[in-house]
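Please look over the model shown below before reading on.

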Amino acid sequence: MVRYGGAPDAIWLYTFPSFAPPAGESTAPAPVLKPKLRSVLLHTGAVTSAAWNPVRKGALACATGGGAVYLWSDEWVSGEAAGGSGQAEEVAECVGVPARKFATCALRWAPDGRGLVLLDRETFCCAFEVEEGGEDAQADG
């Protein structure tokens with residue numbers, strides 16, 4: 001993830017090649033490692049905070065000082081029945097914070113990667129992902 005000072009409302013996501021040499025080629029010359037632009041996330045305001053999930057390495061959360069949190073993931077799998085490929089794809093979403101007059105200036109992931117602490121100038125709130133099916137579905141299954 002890169003954020004340039006000249007464009008504070010954008011986040012550039014790059015894919016970096018592996019530094020490990022191919023198997024059986026330890027004496028080969030070092031390859032030229034060039035990052036590849038993967039996605040650009042454009043926002044209407046300057047990004048004030050961004051953090052990678054500590055457990056799920058393909059999940060990013062960011063804030064712009066407004067009433068929402070922006071999430072990006074490369075773990076979403078489209079359903080084949082719906083015409084999707086069934087392979088992992090990227091998805092970006094905006095999640096509104098239901099608290100009145102709450103402006104998310106900063107955020108921090110929980111150590112287990114299942115929740116976020118959202119920080120306003122004067123207060124904070126906790127956010128958790130809703131798991132598909134919830135507890136009732138797990139108890140039934």
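What percentage of the 141 residues of the chain count as buried? The share that count as buried is 27%, where buried means under 20% relative accessible area, exposed means over 50%, and partly exposed covers what lies in between (1.4 Å probe, protein chains only). This is a predicted model, in which local features need pLDDT of at least 70 and side-chain atom pairs count only at pLDDT 80 or more, while totals for chains, interfaces and linings use all residues. Residues are numbered from 1 along each chain as its sequence is written, and side-chain values use heavy atoms, with hydrogens and water left out.

**Confidence and overall make-up**

- The chain has a mean pLDDT (the predictor's confidence in each residue, from 0 to 100) of 83, and 76% of its residues reach 70 or more.
- Over residues 137-141 the pLDDT is below 50, and beyond near neighbours in sequence this stretch has one contact in the model, a contact being heavy atoms within 4.5 Å.
- The chain holds one helix and nine strands, which run β-β-β-β-β-β-β-β-β-α from the N terminus on; helices (H or I, at least four residues) and strands (E, at least two) are DSSP runs, numbered from the N terminus.
- Among the contacts in the chain with a separation of 6 or more, 42% are between residues 24 or more positions apart.

**The largest pocket**

- Rolling a probe the size of a water molecule over the atoms shows where empty space is left.
- On a 1 Å grid over the protein atoms alone, a pocket is an open set of points where a 1.4 Å probe fits, with protein on both sides within 12 Å along at least five of seven lines, and lining residues have an atom within 4 Å of a point.
- The largest pocket has a volume of about 300 Å³, a volume being the space filled by probe spheres set on the grid points, which are joined across faces, edges and corners.
- Its lining consists of 18 residues, of which Leu-71, Val-95, Ala-127, Phe-128 and Glu-129 lie nearest the centre.
- At least two lining residues come from each of β5 (68-77), β6 (88-96), β8 (115-119) and β9 (124-128), with β9 supplying the largest share, four residues.
- By class, the lining of the largest pocket divides into 13 nonpolar, two polar and three charged residues, where Ala, Val, Leu, Ile, Met, Phe, Trp, Tyr, Cys and Pro count as nonpolar, Asp, Glu, Lys and Arg as charged, and the others, Gly among them, as polar.

**The second largest pocket and Arg-56**

- The second largest pocket, with a volume of about 210 Å³, is lined by 13 residues, of which Arg-56, Ser-73, Val-91, Glu-93 and Glu-129 lie nearest its centre.
- Two or more residues of this lining come from each of β4 (59-63), β5 and β6, and β5 gives the most, with five residues.
- The lining of the second largest pocket has eight nonpolar, one polar and four charged residues.
- Arg-56 is found in the loop between β3 and β4 and is partly exposed, with a relative accessible area of 26%.
- The side chains of Arg-56 and Glu-129 are joined by a polar contact of 2.7 Å, that is, a pair of N or O atoms within 3.5 Å, of which, within protein, one must be able to donate a hydrogen and the other to accept it, residues adjacent in sequence counting only if both atoms are side-chain atoms.
- Leaving aside neighbours within four places in sequence, Arg-56 is in contact with Ser-73, Glu-75, Gly-113 and Glu-129; from Arg-56 to Ser-73 the C-alpha separation is 9.1 Å, at 17 residues apart in sequence.

- Ser-49, in strand β3 (residues 49-52), counts as buried because its relative accessibility is 9%.
- A polar atom of the Ser-49 side chain lies 3.2 Å from the backbone nitrogen of Leu-107.
- Ala-63, in strand β4, is buried, with a relative accessible area of 0%.
- The C-alpha atoms of Ala-63 and Thr-48 are 5.8 Å apart, although 15 residues separate them along the chain.
- Beyond neighbours within four places in sequence, the contacts of Ala-63 include Ser-49, Thr-104 and Leu-107.
- Thr-104 has its place in the loop between β6 and β7 (106-109) and is buried, with a relative accessible area of 0%.

**An exposed loop residue**

- Lys-101 is found in the loop between β6 and β7 and counts as exposed, at 86% relative accessibility.
- The phi of Lys-101 is near 55°, a positive value in a residue other than glycine.
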